[in-house]
Amino acid sequence: MKNIILDVGMVLVDFCWEDLLKQLGITGEAFEAVADATVRTQDWNEYDRSTKQDEEILRGFIENAPDYRQQIQLFWDHMSGMIQQYPYAKSWMKSLKESGYDVYILSNYARRTYELTKEEGLSFLPLADGAVFSFETGHIKPEKEIYHVIMDKYGLLPKECVFIDDNAANLVYPKELGWSTIQFHNFVQVKEELHVLGVQ
């Protein structure tokens with residue numbers, strides 16, 4: 001095993017959109033409406049894909065719940081607050097690299113969110129040996145193409161890869177390719193499963 005490939009959301013960072021909405025005073029019925037108009041929609045996948053202009057994505061969110069235009073706009077304006085890096089992220093990546101592994105990032109991540117959060121939420125990126133984000137490819141996990149992008153870009157051999165993602169659906173095709181896979185539930189569990197694979 002040579003390459004550790006990490007998802008970002010719920011693995012290295014907390015995707016805490018619920019907390020952000022509450023911090024913005026969007027609660028109760030408004031909370032559900034905004035969530036159902038944004039993060040809980042197929043439109044959110046298109047946001048991660050980033051093949052549409054931001055203005056078009058925002059317009060689509062608002063059209064999903066026009067009575068909550070103000071709250072959706074407020075959420076949009078403060079989206080940087082929905083990404084909070086986990087305390088272990090940098091030290092974990094450093095320890096993997098010090099143990100001789102190459103560490104890569106493979107994540108569904110919108111271009112706009114990347115620009116808003118790269119300095120703080122994604123400050124671990126300089127530690128990575130490479131990264132592929134959905135906004136760069138026009139493909140999102142679990143679409144097959146994005147897994148081939150990272151293999152082709154960095155010359156990765158499936159048998160040398162371990163992929164860690166919180167979403168079970170995102171692990172199906174990589175496993176078919178011959179990658180080892182671990183579904184992330186918590187940091188301790190993942191470290192134990194890596195140890196079983198021989199990763200220290």
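The accessible surface of the protein comes to about 9,700 Å², and carbon and sulfur atoms account for 46% of that area. Please keep in mind that this is a predicted model.

Here are a few overall values for the protein.

| Property | Value |
|---|---|
| Span of the C-alpha trace along the principal axes | about 55 × 30 × 25 Å |
| Radius of gyration | 17 Å |
| Distance between the mean positions of the positive and negative charges | 5 Å |

How does the radius of gyration fit a compact globule? A compact globule of 200 residues would have a value near 16 Å, so the 17 Å of the protein agrees with that. The charges counted here are 19 positive and 32 negative.

The chain forms 11 helices and seven strands. Of its 200 residues, 48% count as buried. Among contacts between residues at least 6 apart in sequence, 68% join residues at least 24 apart.

Now to helix H6, which covers residues 89-98. Which of its residues are buried? They are Ala89, Trp92, Met93 and Leu96. Seen down the helix axis, the buried residues of H6 fall within an arc of 95°, so they line one face of the helix. In general, an α-helix has 3.6 residues a turn, so residues three or four places apart point the same way.

What does that buried face pack against? The partners of the buried H6 residues are strands S1 (3-6), S3 (83-85), S4 (102-107) and S6 (161-165), together with helix H11 (187-196). After H6 comes glycine 100, with a positive phi near 100°.

Key: Residues are numbered from 1 along each chain as its sequence is written. This is a predicted model: local features need pLDDT of at least 70, side-chain atom pairs count only at pLDDT 80 or more; totals for chains, interfaces and linings use all residues. Side-chain values use heavy atoms; hydrogens and water are left out. Helices (H or I, at least four residues) and strands (E, at least two) are DSSP runs, numbered from the N terminus. The radius of gyration is taken over C-alpha atoms; the globule rule is 2.2 Å times the number of residues to the power 0.38. Buried means under 20% relative accessible area, exposed over 50%, partly exposed in between (1.4 Å probe, protein chains only). Contact means heavy atoms within 4.5 Å. Accessible areas come from the Shrake-Rupley method with a 1.4 Å probe; for residues, only the protein chains shown count as cover. Lys and Arg count as positive and Asp and Glu as negative; His and the chain ends are not counted. The place of a charge is taken as NZ of Lys, CZ of Arg, CG of Asp or CD of Glu. The arc is that of the directions from the helix axis to the C-beta atoms.
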